[in-house]
Each structure stands twice: as structure tokens, then as C-alpha cells.
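Please look at the sequence and the 3D structure below. Some questions and answers come after them.

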Amino acid sequence: MKIHEKVLHTLTPLVVVGALAGCGGGDGGDAAGGAAGGGATEAPFDMATAGHVTGMVMFEGTAPADTPIDMTSEPTCAAKHATPAMTESFKVSAGHLGDVFVYVKEGLEGMSFPVPAEATLINQDGCQYLPHVSGVMVNQTLTFQNSDGLLHNISASPTVNRGFNITQPVNMTTDRTLAQPEVMVPIQCDVHGWMNSYVGVVAHPYHAVSNAGGTFDLRNLPPGEYVLEAWHSRLGTQEATVTVATGQTATVSFSFTEAMLANAVVPLGEPIDPHFHTPEELAAAGYAPAVTGADQ
């Protein structure tokens with residue numbers, strides 16, 4: 001196993017791909033009108049042959065303790081927490097690790113999947129991003145909601161995609177899309193420095209976030225051999241190979257350890273500054289997403 005260095009739910013492969021079978025192959029689009037984002041309009045394989053992956057993420061050792069967040073400067077947010085809000089670096093329970101982003105890294109090359117019509121929601125509630133870790137498909141709508149009614153901002157610092165900084169002074173929502181695969185995109189609130197979140201962007205619906213019990217599911221995969229990657233914000237990444245057979249459920253596990261903290265390398269790069277660069281310079285740096293109205 002190679003080592004490189006969410007708060008709500010396991011993400012959308014079951015819902016997204018299940019929708020394909022329910023509407024003649026349409027996932028987030030209809031068979032007549034096409035998928036959102038102009039991508040594929042039906043599943044690129046026979047859904048009757050699909051298999052599944054179920055998995056577990058474990059943690060061995062003693063995780064660093066999360067610490068209370070001082071929200072005395074924001075009594076509106078503090079009042080939303082029955083007990084003091086805590087930092088969110090580690091979600092460990094009985095040796096199980098939550099908030100781990102798991103996705104198919106290799107094995108789907110050449111396949112094009114419909115973009116879900118459903119948006120992925122990141123809610124700012126109680127001066128925290130909920131969920132802490134989430135995932136979207138390329139060009140899937142990512143909705144940021146301010147439920148606190150006080151000033152927040154959403155500052156995204158991707159390496160591949162175009163960064164953005166959104167101000168939300170009142171209860172409101174703002175939509176954005178990310179045009180390139182990237183694991184992971186860090187999100188930060190510049191008003192409340194303790195607020196942070198991570199978003200994984202992939203070119204297919206086979207991604208999930210381990211829940212508080214460490215479990216995750218990747219549903220309705222075409223038969224084949226896959227490399228899965230598990231990403232954690234402090235412990236880095238691990239890979240595992242799994243074979244999916246027609247109509248069968250494969251199992252896979254990842255095990256992170258306390259010792260990994262010392263040398264973990266978390267894949268998060270410096271954002272590319274789109275200002276004062278020519279298109280040629282941006283392309284050479286690997287930055288070439290299309291600019292849409294939502295990105296401006």
C-alpha cells in the first residue's frame with residue numbers, strides 16, 4: 001500500500017448513478033435535453049453489470065485532540081452550539097476514521113459520465129462549514145449557503161482550478177463550479193479563521209466521504225479493476241486496488257496510523273494566481289479552465 005501523504009454523510013455515488021438507471025441513463029440531465037454541464041447523457045456501460053464497493057477506514061493509535069473554538073466574538077454562532085464547537089482535524093471513534101475522502105483514482109479512463117443536476121451543499125452554520133469534507137463532479141454545482149446571517153466569506157485556493165473569494169454578508173446562497181479534477185480544494189473563511197473545509201473534484205460519480213463510523217460505499221461501478229485513493233487532511237493519502245465483479249460487492253479497507261503524522265504529505269498546493277499572466281503562461285502552469293459567468 002502506497003502512502004503519500006466528512007460532517008454529515010457518505011456522498012453521492014448511490015444517488016447519482018442510481019439515477020442513471022432510473023431515467024434511461026440520465027444523471028443530472030434528461031435523455032432528450034442532455035446532462036448539466038454539456039457532458040455525457042447516459043451511463044457509459046450496461047448498468048445491469050454493475051457491482052459495488054463497500055469499505056472501512058481505520059485509525060490506529062492516539063489521534064491529536066481537537067480543541068475548543070473560541071467564538072466569543074460571534075455570540076450568534078456560539079449560541080448555536082450546546083457545547084463548545086471543536087476543531088475538526090480528526091473524527092475518530094473506536095478506531096474508525098471519518099472525514100476521509102475516497103474516490104476511484106484509476107480504472108475509469110475513457111469513460112464519460114453525466115454531471116448530476118443536484119448541487120452539493122456546503123452550509124455555513126454556527127460559524128462552521130458543514131460538511132467539513134465533501135466531493136463533486138467536474139462542473140457540478142457547488143452551493144455555498146450562509147445560514148448565520150452574519151458576514152462570511154468563502155475563499156477557495158485550488159491548484160488546478162480557478163480560485164474564488166465570495167463575500168456573503170447575509171443569509172444567502174452562491175453557486176460555483178470547478179472545471180478540472182482536483183483532490184483536494186481547500187476552502188477558508190477569511191473572517192473567521194477557524195472555518196475550513198475541503199472539496200474533492202473528480203470526473204465521475206464514484207466518490208464518498210467516510211462517516212463517523214469509518215464506513216463508505218461506492219455503488220454501481222462497472223466491472224473492472226480499480227485503484228482507490230483515501231485522502232485525509234492531516235494523514236495524507238493511501239491507495240488500494242480492488243476488483244469489482246458483475247453484481248458483486250467487493251470490500252476494501254484503509255488503515256491510517258498515529259505514526260503517519262510525522263511524515264505525512266497532504267496533497268494541497270499553492271493556488272495559481274490568474275492575475276498578471278498571459279494565457280500562454282497560465283496554460284504552461286496547467287491552468288486552463290473555461291471562464292463562465294459563475295466564475296467572474
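This is a predicted model: local features need pLDDT of at least 70, side-chain atom pairs count only at pLDDT 80 or more; totals for chains, interfaces and linings use all residues.

Residues are numbered from 1 along each chain as its sequence is written, and side-chain values use heavy atoms, with hydrogens and water left out.

Q: Is Asn-161 buried or exposed?
A: Buried means under 20% relative accessible area, exposed means over 50%, and partly exposed is in between, with a 1.4 Å probe and protein chains only. The relative accessible area of Asn-161 is 1%, so Asn-161 is buried.

Q: Which backbone nitrogens does the side chain of Asn-161 reach?
A: A polar contact is a pair of N or O atoms within 3.5 Å; within protein, one must be able to donate a hydrogen and the other to accept it, and residues adjacent in sequence count only if both atoms are side-chain atoms. One backbone nitrogen lies 2.8 Å from the side chain of Asn-161 and belongs to Ala-179. The other, at 2.7 Å from a polar atom of that side chain, belongs to Gln-180.

Q: Is Phe-144 buried or exposed?
A: Phe-144 sits in strand S10 (residues 142–146). Its relative accessibility is 0%, so Phe-144 counts as buried.

Q: How far apart in space are Phe-144 and Ile-166?
A: Contact means heavy atoms within 4.5 Å. Beyond its neighbours within four places in sequence, Phe-144 has contacts that include Ile-122, Met-172 and Ile-166. Phe-144 and Ile-166 are 22 residues apart in sequence, and their C-alpha atoms are apart by 9.3 Å.

Q: Which residue lies over the face of Phe-164?
A: A charge sits over a ring if NZ of Lys or CZ of Arg is within 6 Å of the ring centre and within 35 degrees of the ring normal. At 5.8 Å from the ring centre of Phe-164 lies Arg-176.

Q: Which are the edge strands of the open sheet of four strands?
A: Two strands pair if DSSP finds at least two bridges between them. The order of this sheet is S16-S6-S18-S19, with antiparallel pairing. Each edge strand pairs on one side only, and these are strand S16 (207–209) and strand S19 (236–244).

Q: Which residue in S16 stands opposite Tyr-103?
A: Strand S6 (residues 101–106) is joined to S18 by five bridges, and Glu-229 is the bridge partner of Tyr-103 in S18. Three bridges join S6 to S16. In S16, the residue opposite Tyr-103 is His-207.

Q: Why is one side of S9 and of S12 left without a neighbour in the sheet?
A: Five strands form this open sheet, in the order S9-S15-S14-S11-S12, and the pairing is mixed. Strand S9 (133–137) and S12 stand at the edges, so each has a single partner strand.

Technical notes: Helices (H or I, at least four residues) and strands (E, at least two) are DSSP runs, numbered from the N terminus.
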